[in-house]
Structure formats: C-alpha cells, structure tokens
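Subject: the helical model, with notes

Hi,

Here is the model I promised to pass on.

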Amino acid sequence: LTRQPGDSQFRMARERASAGRKPAMMSLNAAAAEAIMGPAESMVVQQRYVTALAYLRLALRLDPARADAWVMVGDLLNLRGDATAARAAYGQVPKSSGQYLVAQAKLAWSYQKAGDRTRAVAVARAMIEADPGGVAGRLTLAEILRDGGAFEEAATVLTTLLESPDANAEWRVYSLRAENYRLAGRWTEAEKDLQTALALSPGQAEVQTALVDVALVGVHLLFPQV
C-alpha cells in the first residue's frame, strides 16, 4: 500500500487482516474449481481458447462465484468477437470482489471499442464512485477520454488523481497526463510532467524520447525558422 496506496485489492486485504477475519474454508466444489483454473490458464497461454473456455465453464458450474474465471471468460469471448456475451460475463463479478474494478475496466473498454463512448464513460465514472480512493477508475476514465479525443478533460481527471489524498505519485500517471497535454498542444505542461516522470523513474526510454520530442516542438514554436 505504501507503493500503491490507491489499490483496492490491497486495501480490502488490509481491512480483512485488521478485523482478524480468516478466509472461509473452501468447499469441495470450490476446491475442484480451483484445481481446474490451472489447466484453463495453461490453455490460454497455448492459445487453445476453445478448450480454455470449456475448462472455465466447468469451473464456474462448480463455483459460480469464481470472479477470476468470469473475467477470463469475458476476455475469451471478446477474442471470439462476442462482445455482448463478454459484457455479461464481466457483469457477473460482484462489487465485493477484488476483481470487480478489473472487470468494470474491461467492460468500459468493450463499450469504447464498439463506439459507445457514452456508456464507456458512464462505467468508468461508476468505477470512481464504487472506489473513490482508488486509482483504477480515474485511470480508466482518463484513457477512455483520451481515446475519444477529449485530451483536456482527460488531463483534468489525472490532475484530480494526483491531487487526491491517496495520490499514487507513479511516473506512469505523470507520463499519461503529459501525453494528454501534448495532444492538447500544452507543450510547457507536457514537458514539466515528463521531467517529473523521469525524476520518479530515471532511465525510462519512452519518457526520455517523449521529452526530446516535446522539447524540439517547443524550440520550433519559439524559432519557426529552425
């Protein structure tokens, strides 16, 4: 949590530990589903998606509350081009699950890729409401806004994230905001954020390249003849 203060799964784990709650004893069905998940993941790695989906369906028949299985089913259905069924799978993950925000982010992007930006933004905003102190919702919203060309709005969302009490001063957040500033033509702010990102994580090649590009644009704006 010191490294990732906005991570909802870590916060839930800390709350569980602080309350002294032990994990519930696994039922026979849940244990059988757990055993099936390994082969299912192996099939995904081997790109044997039909077999993987069969394993996952069996795991869910044994343990319908298996959130990670629902997320994987959604991913595989997306690969097969069945976005509607994929969304239904993501929707099976309850808010109480540590996988909830993961599933919701995938749901939001499913709508975005289908051209339904209104629903995509709505899902991302609902993620923020479900986990106000978290990072995932704001990052998802910012990336969707950027993908839709709303660079200024995306930068504003990232600013609220960086200024929040649980701010995660990670170089990637500054780099993402810098990209939105660059696309919005705000070169000075972009350069400042890239310098901050580089200070937080020296040696990041992509940040160094972006910083050079932004600096060159700034020189060209000052001296058009160059």
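Below is what I found in it, going from the whole chain down to single residues.

A word on ground rules: this is a predicted model, so local features need pLDDT of at least 70 and side-chain atom pairs count only at pLDDT 80 or more, while totals for chains, interfaces and linings use all residues. Residues are numbered from 1 along each chain as its sequence is written, and side-chain values use heavy atoms, with hydrogens and water left out.

**The whole chain**

The protein chain has 12 helices and 0 strands; helices here are DSSP runs of H or I with at least four residues, strands are runs of E with at least two, and numbering goes from the N terminus. The C-alpha trace spans about 70 × 45 × 35 Å along its principal axes. Of the 226 residues, 37% count as buried (buried is under 20% relative accessible area, exposed is over 50%, and partly exposed is in between, with a 1.4 Å probe and protein chains only). If you take contacts (heavy atoms within 4.5 Å) between residues at least 6 apart in sequence, 45% of them join residues at least 24 apart.

**The core**

The largest nonpolar core has 59 residues. By that I mean a set of buried Ala, Val, Leu, Ile, Met, Phe, Trp, Tyr and Cys residues joined through side-chain atoms within 4.5 Å. Leu-56, Val-73, Val-93, Leu-141 and Leu-145 touch the most other members. Helix α4 (residues 67-79) gives the most to this core, with 8 residues. As for Leu-141, leaving aside neighbours within four places in sequence, its contacts are Val-121, Ala-124, Arg-125, Ile-128 and Val-157.

Buried residues of α4 are Ala-67, Ala-69, Trp-70, Val-71, Met-72, Val-73, Gly-74, Leu-76 and Leu-77. They pack against four helices: α2 (28-45), α3 (49-62), α5 (83-90) and α6 (100-113). Just after α4, Gly-81 takes a positive phi of about 85°.

How do α2 and α4 cross? Their axes come within 12 Å, at roughly 25°. Axes are lines fitted to C-alpha atoms, for helices over the stretch in contact, and angles run from 0 to 180 degrees between N-to-C directions. The two helices are therefore roughly parallel (under 35 degrees; over 145 is roughly antiparallel, 65 to 115 roughly perpendicular, and the rest oblique). The crossing is left-handed, meaning that the near helix is turned anticlockwise from the far one by less than a right angle, with clockwise being right-handed. On the α2 side, Met-37, Glu-41 and Val-44 meet Asp-68, Ala-69, Met-72 and Leu-76 of α4.

With α5, the α4 axis makes an angle of about 170°, and the axes are 8 Å apart. That pair is therefore roughly antiparallel. Here Trp-70, Val-71, Val-73, Gly-74, Asp-75, Leu-77 and Asn-78 from α4 meet Ala-83, Ala-85, Ala-86, Ala-89 and Tyr-90 from α5.

**A few single residues**

- Gln-47 sits in the loop between α2 and α3. Its phi is near 60°, a positive value in a residue other than glycine, and Gln-47 is exposed at 58% relative accessible area.
- Pro-64, in the loop between α3 and α4, counts as exposed at 53% relative accessibility. Pro-64 and Asp-116 are 52 residues apart in sequence and 29 Å apart in space, C-alpha to C-alpha.
- Ala-150 is in the loop between α8 (136-147) and α9 (151-163) and counts as buried at 17% relative accessibility. Leaving aside neighbours within four places, Ala-150 is in contact with Arg-117 and Leu-145. The latter is also one of the core residues that touch the most other members.
- Ser-175 lies in helix α10 (residues 171-183) and counts as buried at 15%. Beyond neighbours within four places in sequence, Ser-175 is in contact with Leu-194, Ala-197 and Val-207.

Cheers
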